[in-house]
Amino acid sequence: VKRIGVLTSGGDAPGMNAAVRAVVRTAVNRGIECIGIRRGWNGLINHDFVPMDSNSVSHIIDKGGTMLYTARSEAFMTPEGREKAIATCKLLGLDGIVAIGGDGTFRGALALSRQVAQQGETLQMVGVPATIDNDVGCSNYTIGFDTACNTAIECVDKLRDTMQSHERCSVVEVMGRRAGYLALYVGISVGATAVLIPERPVDFDRDVVEKIRQARLSGTTHYMVVVAEGAGSAVDIGKRIHEELGIDPRVTVLGHIQRGGSPSARDRETASRMGYEAVQSLAEGRGNRIICTQDGKVVDLDMEEALAMTKVFDMERYRVLEATTTGAGD
Ligand code: F6P
């Protein structure tokens with residue numbers, strides 16, 4: 001392996017920069033040249049790339065966002081778009097690519113690799129999971145999740161101060177279109193009155209009305225409802241609370257604030273380990289892998305098998321949430 005590319009794709013996540021840095025530094029230390037591909041897969045289609053060395057990734061380990069920019073590429077989803085990308089890979093003489101992102105990014109990587117294989121050639125892909133949703137099936141953990149949790153918790157703690165003074169109900173929407181990990185962790189950590197996640201069918205009476213009633217009976221005068229965006233809209237839930245309980249909730253959608261900020265220790269450390277492992281895989285001839293964490297260890301799995309894996313609903317944490325938030329204030 002002489003030359004590899006690195007890119008970030010999909011929604012950004014704090015720690016992506018730390019992963020890019022680890023990829024570049026590990027490659028350079030092994031005598032492998034590294035090209036930064038900008039704006040996700042679009043960079044390969046549009047000839048948007050930059051040669052990288054150790055210095056080009058200085059002073060980014062603590063920065064949120066991604067210095068390589070990111071995008072969700074429609075063009076790359078078509079064979080014609082990928083053909084343009086293949087031409088760029090050939091022009092650059094790339095032996096492999098480290099793609100940092102979520103499931104969609106890895107599906108794109110696999111499609112590209114297969115298209116190259118159909119032409120009798122090889123382009124090795126390695127995926128590094130990074131998304132604040134923590135929803136990559138094969139990996140216990142995705143880069144960015146911890147920072148996003150901490151950001152959301154800080155916001156909810158602030159909201160609680162004012163909700164407590166005014167004896168109000170707050171409905172907070174956190175990100176997570178298909179996954180409720182962020183809502184679940186935040187709900188446990190702030191002592192939410194109720195938490196709604198896409199993995200569990202919502203029964204409004206049982207999951208919201210009854211929870212607020214119980215909290216009210218126990219003497220609490222402020223309530224915190226946390227909803228994952230995939231489980232419903234906080235605005236609608238606020239309206240229903242008003243209709244059914246006669247209280248006047250305040251609604252906050254945390255939105256993209258959860259995607260920014262300086263990465264936490266956990267995200268910097270995990271990103272560094274995953275970025276290192278990604279280059280090791282390529283250098284040792286193991287292509288088409290996804291770097292995962294399993295039981296605290298960083299491992300690489302076959303990309304196709306890893307993409308077929310789904311996460312088992314986190315029942316243990318859900319039980320903790322149920323046991324610690326029912327029937328009283330935070
Ligand atoms: O995939 C991460 C995520 O933040 C989701 O939680 C959210 O639904 C989505 O990205 C928002 O994407 P966009 O950046 O396109 O608004």
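Mentor: A crossing is called left-handed if the near helix is turned anticlockwise from the far one by less than a right angle, and right-handed if clockwise. Helices (H or I, at least four residues) and strands (E, at least two) are DSSP runs, numbered from the N terminus. The model is predicted: local features need pLDDT of at least 70, side-chain atom pairs count only at pLDDT 80 or more, and totals for chains, interfaces and linings use all residues. Residue numbers start from 1 along each chain as its sequence is written.

Helix α6 (residues 181-190) passes α11 in a left-handed crossing. The axes of α6 and α11 (residues 315-325) come within 10 Å and cross at roughly 35 degrees; axes are lines fitted to C-alpha atoms, for helices over the stretch in contact, and angles run from 0 to 180 degrees between N-to-C directions. From α6, L184, G187 and I188 meet residues of α11, among them V320 and L321, where contact requires C-beta atoms, placed from the backbone, within 7 Å.

Turning to the sheet, seven strands form an open, mixed arrangement in the order β3-β2-β1-β4-β5-β10-β11; strands pair if DSSP finds at least two bridges between them. The edge strands, β3 (49-52) and β11 (297-302), each pair on one side only. Strand β10 (residues 289-294) runs antiparallel to β11, joined by six bridges, and I290 stands opposite L301 in β11. Helix α4 (residues 103-118) lies across β4 (96-101), β5 (124-129) and β10, at about 175 degrees to β5. Helix α9 (residues 265-283) also packs on the sheet, touching β1 (3-8), β4, β5, β10 and β11.

Methods:
Contact = placed C-beta atoms within 7 Å.
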